[in-house]
Amino acid sequence: MGLLDRFRFSSLGRFLEKIFGRRHARIGIYGPPNVGKTTLANRIARDWSGEIVGSVSDIPHETRRARAKSNIRIENGNSSLIMDIVDTPGITTKVDFRDFLNYGLDEEEARRRAKEATEGVIEAIRWLDDVDGVLLVMDSTQDPFTQVNVTILGNLEARNLPVIIAANKIDLEEASPATLKSAFPQHPVVPVSALTGHNMDMLYSKMIEHFGKKRRRRSK
Amino acid sequence: MKVKGVTVDLISRSKLEELTSSEKIDFIIGEVKKGKILILEMGLTADEQADLIKKTMSTIDHDTFIGIEMEGYPEEKVGFFHRLFGIRRSRITVIGPANLLKTIRRDDQVIETIIIPGKGV
């Protein structure tokens with residue numbers, strides 16, 4: 001554990017956090033497969049550190065292990081927040097290796113990918129215990145009322161973890177971020193395109209405001 | 001003569017309340033792996049849903065069991081004391097094997113699913 005982490009988890013660090021709000025937060029990027037989690041993680045990391053977090057692909061479950069990028073400082077006017085972002089594997093209730101065959105993978109590769117994907121889902125859920133806030137990525141061209149979205153939000157609410165819903169893919173014609181806003185009125189929803197960078201300034205502003213707040217985390 | 005078809009079990013609230021969270025999850029996985037569709041009168045808490053997904057992922061064998069389809073309504077807070085103490089009541093939930101049960105549409109009032117023909121036991 002580094003010196004900064006030691007301070008964060010020390011009594012003095014927690015006391016100051018309660019008084020002044022959080023300045024350093026570990027943010028998990030969550031969502032179902034293929035909604036653009038890694039594209040968003042890369043966008044954030046590239047905008048503020050010039051680096052990327054991981055590779056992206058049209059094949060579902062491209063991210064099968066959680067990947068983190070530390071000490072990303074985002075700013076908005078006089079406000080700022082230092083974040084460790086954790087790009088997590090997509091959460092799903094089913095994985096069928098046959099689905100990957102449609103993307104040109106041979107059976108052996110498809111089976112290996114499917115096995116790694118199941119392990120990735122477990123890892124993503126475990127990470128919920130170690131994040132301070134969540135960017136929940138949804139595809140704004142798709143129906144938001146999925147069980148995965150409901151389950152993730154239910155877990156975040158039970159843990160009292162702050163969440164921002166990133167309504168991604170607004171560059172696509174069929175996108176309807178308004179549907180997401182009406183589906184989850186109790187949470188902040190920010191329409192973005194991680195691919196083009198559209199509206200990212202609004203997301204950064206919301207992240208500083210929302211993830212920097214004083215908040216008491218509920219234990220599981 | 002044995003009748004062929006898909007078994008749909010409606011599991012009562014009292015049956016579910018007898019089980020611990022881990023027993024509930026083992027029961028659901030066991031029944032769903034047999035090819036049954038379960039309708040739970042009292043659904044799972046958010047934590048239990050996450051644990052069910054983890055258990056499902058560790059149970060998938062890619063040839064005979066590819067996971068579950070699960071649909072239910074979010075937990076609701078009911079009554080003054082429930083709201084005061086943050087107690088939530090879980091709601092009706094349908095769970096089945098992913099190769100057998102498919103969700104067509106859901107909103108905050110209706111969950112529409114179909115049973116895929118020819119996949120029953």
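## Ground rules

Two strands count as paired if DSSP finds at least two bridges between them, and the elements themselves are DSSP runs numbered from the N terminus: helices (H or I, at least four residues) and strands (E, at least two). This is a predicted model, where local features need pLDDT of at least 70, side-chain atom pairs count only at pLDDT 80 or more, and totals for chains, interfaces and linings use all residues. Residues are numbered from 1 along each chain as its sequence is written, while chains are lettered from A and ligands numbered from 1 in the order in which they are written.

## The sheet in chain B

Let's start with chain B, which has four helices and eight strands, running β-α-α-β-α-β-β-α-β-β-β-β from the N terminus. Four of its strands make an open, mixed sheet in the order S1-S2-S6-S3. Strands S1 (8-11) and S3 (68-72) sit at the edges with a single partner strand each, so one side of each has no neighbour in the sheet. The twist from one strand to the next averages 15° (angles run from 0 to 180 degrees between N-to-C directions, with axes fitted to C-alpha atoms, for helices over the stretch in contact).

Inside that sheet, S2 (37-40) and S6 (93-97) of chain B pair antiparallel over three bridges, with B:Leu40 opposite B:Thr93. Helix H2 (21-33) of chain B lies across S1, S2, S3 and S6, at about 50° to S6(B).

## An exposed loop residue

B:Asp108 is in the loop between strands S7 (101-106) and S8 (111-115) of chain B. Is B:Asp108 buried or exposed? B:Asp108 is exposed, with 10 other C-beta atoms within 10 Å. The cut-offs are 20 or more other C-beta atoms within 10 Å for buried, 12 or fewer for exposed, and partly exposed in between, with C-beta atoms placed from the backbone. By that count, 28% of the 121 residues of chain B are buried.

## The sheet in chain A

Over in chain A, six strands form an open sheet, again of mixed pairing, in the order S2-S3-S1-S4-S5-S6. Here S2 (67-76) and S6 (189-191) are at the edges, each with a single partner strand, so one side of each is left without a neighbour in the sheet. Neighbouring strands are turned by 30° against each other on average, direction ignored.

At one end, S2(A) and S3 (79-87) pair antiparallel over eight bridges and form a hairpin with two residues between them. A:Gly77 in the turn has a positive phi of about 60°, and A:Asn76 has A:Ser79 as its bridge partner. S5 (163-168) and S6 of chain A run parallel, joined by three bridges, with A:Ala166 opposite A:Val190.

## Helix H5 and the chain contact

The contact between the chains (C-beta atoms, placed from the backbone, within 7 Å) takes 20 residues from chain A and 22 residues from chain B. On the chain A side, H5 and H6 (147-159) each supply at least two residues.

Methods. Two residues are in contact if their C-beta atoms, placed from the backbone, lie within 7 Å.
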